[in-house]
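Subject: Two-chain model, handover and findings

Hi,

Here is the structure for your files. Please look it over first; my notes follow below.

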Amino acid sequence: MEFFFDLTVNGLLVGLMYALVAVGFVLIYKATSVINFAQGDLVMFAAYGAAVMLGLGWMPLWAVIPVLATGMVALGFVLERGILRPLIGQPVISVIMVTIGLAFVLQGLAAILWKAGTRELPLPVRVEPYVVGGVFISPINVVAAVTAILSLVAFGLFFTRSRFGIAMRAVADDQQASMTVGINVRRVFALSWAIAGIAAAAGGLIWGNMLGVDTFLALVGLKVFPVVILGGLDSILGAIVGGLIVGLVESIAAGYLDPYVGGGTKDFVPYVLMILVLFVRPHGFFGREIIERV
Amino acid sequence: MLRLNNVEVVYDRSILVLRGVSVEVPEGTIVTLLGSNGAGKSTTLKAIAGILGPERGEVTTGSIELKGRDGWVRIDHRLPEEIVRMGVVLVMEGRRVFEHLTAEENLLAGAHTRRDLGAVRRDLDLVYQYFPRLAERRRTRAGYLSGGEQQMLAIGRGLMSQPRVMLLDEPSLGLAPMLVEEIFEIVKRLNQTEGVTILLVEQNAAMALTIAEHGSIMENGRIVLDGAADTLQNNEDIKEFYLGLSEVGARKSYRDVKHYRRRKRWLS
């Protein structure tokens, strides 16, 4: 039973970290209807940025974080303006191909700029696990969970309370009607990429610390797909719940199935779940239902 | 307040939709644009609001001017948000509320161009005064409102930008006759009490001519007839084609209508 609790708690904590990456993806999809295959690579890029800045030793962590966030916001703006904006109105498939291309460009760029070897991203967090009621909890997971929860709450408030948050949701609903009330649709697009950049910065710091920084870090982006499919592509709440479910399922699968099959279950079980969910609820658990008045 | 001078609109660089439309909307009045489907009424409004871009349309010749504090300013070829800031707002055909936002969020989205939160709050109350039903349903997602409520929400959302000119595109579309009357009464009241100048596009010509001072009839991208609303109401052709009236008691044969010749006379 203790083993089960252990798996559950750690699964949920990891799940929140998935949610953090997924939120960036959802933000972009929600506002601009672009499926961004490069979200994992943005995370990787942010992690590299953090590792390099910390490695130089010029700045302490508290100074690196705002610089990193600003840099990622700038990167988001540049990507939107340079690559995505000319594609407004083009078929979905072209946009998807472009984001896939972008993913590989970012990987190549990171390797050229900062060499391919794995770097450390040290955070001032205790390494020895806490033991709570016989359950081992790694401190970085707690930090990650707190960061994730705080960012998710901040995003939630932003979307329901702020002028630009409401504008972003309005644009997601009806772009032309948004224009008639004076919302600058292009600015909203740029803004959603910028915010996705911030989410990537937060994800990059945490995942970079957990896994070490190299181009393989971009693979966390692949886990985003079962998360967002489970939760619904355009729901922040869905991203959180989807993240928790994926974290939980893979942790439990790894704990109970790995001994029989020799490992690796956690890499594919989320996708099995994703396929099953798609059979039952094609728009995910929280995806926006198409409102149809009859 | 607003005038269009010989405006031409071309879609996709090849389809001429407006062939030189001139309309004048004097300050504080209601002017209505009538005409059948595809006459170019909606396109005219979209051209004024500057939102032809997503439909690959473009104003190629002519000018659209708005009277500002210091004289007339051209507003064609401006960004839609600039036009809203200058006080011209379009309430699109088919209601087009933000379905996944609550009624109140819809209204707040309508005030996007404004910064003075206190005034926005006051206007929110004003809209709720005009549409008490929206106040009751302020927390409901707009997609679940009834058709009439959605139309009210769309007009209310337009009001939230503090417009001097409101462009209304078929507010009666798909609504029950009683609701249509209610909406038109409110439009009239907005015009009289709030002093909003209104350019109203309608298919329901009878209704539109009762509240408007002035009317223009469009056909094939041109204005074919215009005049004071009461003159138009008594015009034989209008009665026949748009109001569905003909001489009482007279037997009617469709052979006598002579659509073609009558229409042709207008266009010449």
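This is a predicted model: local features need pLDDT of at least 70, side-chain atom pairs count only at pLDDT 80 or more; totals for chains, interfaces and linings use all residues.

Burial first: buried means under 20% relative accessible area, exposed means over 50%, and partly exposed lies in between (1.4 Å probe, protein chains only). By that rule A:Ser192 is buried, with a relative accessible area of 0%.

Residues are numbered from 1 along each chain as its sequence is written, chains are lettered from A and ligands numbered from 1 in the order in which they are written, and side-chain values use heavy atoms, with hydrogens and water left out.

A:Ser192

A:Ser192 sits in helix H8 (residues 185-211) of chain A. Helices (H or I, at least four residues) and strands (E, at least two) are DSSP runs, numbered from the N terminus. The side chain of A:Ser192 reaches the backbone oxygen of A:Phe189 at 2.7 Å. Not counting residues up to four places away in sequence, A:Ser192 touches A:Leu27, A:Ile28, A:Ala31, A:Thr32 and A:Met168. Contact here means heavy atoms within 4.5 Å.

The interface

22 residues of chain A are in contact with 32 residues of chain B. The area buried between the two chains is about 2600 Å², and carbon and sulfur atoms give 54% of it. Buried area is the accessible area (1.4 Å probe) that two parts lose on being put together, summed over both.

The rule finds 9 residue pairs in polar contact across the interface of chain A and chain B, both at pLDDT 80 or more. A polar contact is a pair of N or O atoms within 3.5 Å; within protein, one must be able to donate a hydrogen and the other to accept it, and residues adjacent in sequence count only if both atoms are side-chain atoms. On the side of chain A that touches chain B, the elements giving two or more residues are H6 and helix H7 (175-180) of chain A. H6(A) gives the most to that side, with 7 residues.

There are 2 salt bridges between chain A and chain B. A salt bridge is a side-chain nitrogen of Lys or Arg within 4 Å of a carboxyl oxygen of Asp or Glu. B:Glu105 forms a salt bridge with A:Arg169, with the closest N and O atoms 2.8 Å apart.

Helix H3 of chain B

B:Glu105 is one of the buried residues of H3(B). In this helix (residues 103-110), 7 of the 8 residues are buried, so H3 of chain B is largely enclosed by the rest of the structure. What do the buried residues of H3(B) pack against? They pack against helix H5 (139-161) and helix H6 (163-173) of chain A, together with helix H4 (117-130) and helix H6 (147-159) of chain B.

B:Glu104 forms a salt bridge with B:Arg138, the closest N and O atoms being 2.9 Å apart. The pair links distant parts of the chain: B:Glu104 is in helix H3 of chain B and B:Arg138 in the loop between helix H5 (132-136) and H6 of chain B, 34 residues apart. B:Glu104 is buried, at 9% relative accessible area. B:Arg138 is partly exposed, at 27%.

Salt bridges in chain A

Over all chains, a search of the whole structure finds 14 salt bridges. A:Glu250 forms one with A:Lys223, the closest N and O atoms being 3.2 Å apart. A:Glu250 lies in helix H10 (residues 236-261) and A:Lys223 in helix H9 (residues 220-231) of chain A, so the pair ties together parts that are 27 residues apart in sequence. Both A:Glu250 and A:Lys223 are buried.

A:Lys223 also meets A:Asp267 in a salt bridge (3.9 Å, N to O). A:Asp267 lies in helix H11 of chain A, so this pair ties together parts 44 residues apart in sequence. A:Asp267 counts as partly exposed, at 49% relative accessibility.

Two backbone notes

B:Gln162 has a positive phi of about 55° although it is not a glycine. B:Gln162 lies in the loop between H6 and strand E7 (165-169) of chain B. B:Glu170 has a positive phi of about 45°, and is not a glycine either. B:Glu170 counts as buried, at 4% relative accessibility.

Best wishes
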